[in-house]
Amino acid sequence: MEIIVAKTAGFCFGVKKAVDTAYEQINMGKKIYTLGPIIHNETVVKDLEDKGATVIENIDDLKNIKSGTVIIRSHGVPKNVYDLLEENHIDYVDTTCPFVKRIHSIVSKAAEEGKTVVIIGNAGHPEVEGIQGWAGEKSYVIESVEQAENFDLPKETEICLVSQTTFNHKKFEELVAIFEKKYYYINVAKTICNATEHSQKEAAEIASKADVMIVIGGAHSSNSRKLYEICKKECDNTYFIQTLDDLSLDLSKPAEIVGITAGASTPNNIIEEVQNYVRHNF
Ligand code: F3S
């Protein structure tokens with residue numbers, strides 16, 4: 001049996017920077033807070049909590065922080081969070097991924113110019129909420145063909161269209177095509193990050209030849225779930241697991257090729273554990 005592990009599996013550089021920064025701050029003896037979990041991975045979040053990190057779920061709770069350092073995670077945050085941190089003199093380290101920062105600057109410039117901002121992404125995802133927090137009053141989040149088709153503003157509306165960094169590449173193109181048919185003045189910034197694009201392409205390639213495909217990622221990680229969807233299309237026998245404990249491979253016939261990939265928030269040790277388990281048990 002051959003095991004193919006995607007080269008792009010695991011932490012992307014943005015997530016790595018956020019996680020490394022959190023550990024660095026703790027090792028410097030600081031009390032740290034993260035707005036929401038630093039990554040969508042319970043094992044890492046639990047380890048940080050055990051070392052004294054506190055996850056804050058509500059922006060208003062930031063106001064109660066008297067000392068310590070807030071880590072802004074790679075997803076980024078709306079502008080009002082920076083304002084609140086500054087106003088309350090709260091120490092913070094910003095690990096917003098540069099790809100996300102770029103989107104913030106594109107949409108805030110568009111908003112200043114009076115354009116309508118359309119974010120292709122999953123409403124409610126923290127990265128999308130962060131982007132919306134820079135996009136002014138006239139901003140919309142679209143994730144489906146149906147929403148794009150029903151989107152109804154005058155044809156002359158000036159539109160700036162961006163994407164959530166982890167959005168599915170093909171689906172983005174499909175939605176852009178709908179907008180381009182409907183509006184005269186439309187600027188499209190393709191802001192899907194390379195890390196995502198590469199890992200989606202590589203996952204599809206491996207899944208297309210694998211008998212069994214394993215996708216490792218947090219249950220709440222949008223890029224992991226997308227990898228799962230992509231792999232499932234290519235390989236019916238695709239499993240989505242968070243850790244090795246979730247894996248119950250039921251192989252009715254021997255698999256010749258097992259593919260493994262992992263979302264951007266999956267630590268390397270979990271990928272290795274799964275790989276070793278498959279190698280030694282099948
Ligand atoms: Fe950044 Fe892309 Fe990762 S946007 S956080 S490098 S998935």
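1. Helix packing. Helix 1 and helix 2 are roughly parallel to each other; roughly parallel means an angle under 35 degrees, against over 145 for roughly antiparallel, 65 to 115 for roughly perpendicular, and oblique for the rest. Helix 1 covers residues 13–27, and its axis comes within 11 Å of that of helix 2, with a crossing of roughly 15°. Axes here are lines fitted to C-alpha atoms, for helices over the stretch in contact, and angles run from 0 to 180 degrees between N-to-C directions. The crossing of helix 1 past helix 2 is left-handed: the near helix is turned anticlockwise from the far one by less than a right angle, whereas clockwise would be right-handed. Helices (H or I, at least four residues) and strands (E, at least two) are DSSP runs, numbered from the N terminus.

2. Basis. This is a predicted model, in which local features need pLDDT of at least 70 and side-chain atom pairs count only at pLDDT 80 or more, while totals for chains, interfaces and linings use all residues. Residues are numbered from 1 along each chain as its sequence is written, and side-chain values use heavy atoms, with hydrogens and water left out.

3. Aromatic pairs. How many aromatic pairs does the count come to? It comes to nine. Rings of Phe, Tyr and Trp (its six-membered ring) pair if their centres lie within 6.5 Å; planes under 30 degrees apart count as stacked, over 60 as edge-to-face and the rest as tilted. Phe179 and Tyr183 are stacked, because their ring centres are 6.1 Å apart and their planes lie at 25°. Both Phe179 and Tyr183 are buried. For accessibility, buried is under 20% relative accessible area, exposed is over 50%, and partly exposed is in between (1.4 Å probe, protein chains only). Phe179 and Tyr183 also belong to a cluster linked by ring pairs, together with Tyr140 and Phe151.

4. Tyr228 sits in helix 9 (residues 222–234) and Phe240 in strand 11 (residues 238–241), so the pair ties together parts that are twelve residues apart in sequence. Tyr228 is partly exposed at 25% relative accessibility. Phe240 is partly exposed too, at 29%.

5. Lysines over rings. Two cases deserve a look. Lys31 lies over the face of Tyr33, 5.2 Å from the ring centre. Lys155 lies over the face of Tyr184, at 5.5 Å from the ring centre. The criterion is NZ of Lys or CZ of Arg within 6 Å of the ring centre and within 35 degrees of the ring normal. Lys155 belongs to the loop between helix 6 (145–150) and strand 8 (158–163). Lys155 is partly exposed, at 37% relative accessibility.

6. Salt bridges. Side chains of opposite charge can pair when their charged atoms come close. The count here is eleven salt bridges, each a side-chain nitrogen of Lys or Arg within 4 Å of a carboxyl oxygen of Asp or Glu. One of them joins Asp50 to Lys46, with the closest N and O atoms 3.2 Å apart. Asp50 and Lys46 are four residues apart in helix 2 (residues 42–50), so about one helical turn separates them. Asp50 is exposed at 55% relative accessibility, while Lys46 is partly exposed at 47%.

7. Further bridges. Asp60 pairs with Lys63, the closest N and O atoms being 3.3 Å apart. Asp60 is partly exposed at 44%, and Lys63 is partly exposed at 41%. Lys232 and Asp236 form another salt bridge, at 3.7 Å from N to O. Lys232 is partly exposed, with a relative accessible area of 32%. Asp236 is exposed, at 64%.

8. Most residues other than glycine have a negative phi, and most peptide bonds are trans. His89 lies in the loop between helix 3 (79–87) and strand 5 (91–94). His89 is exposed, at 74% relative accessible area. The C-alpha atoms of His89 and Ala135 are separated by 25 Å, the two residues being 46 apart along the chain.
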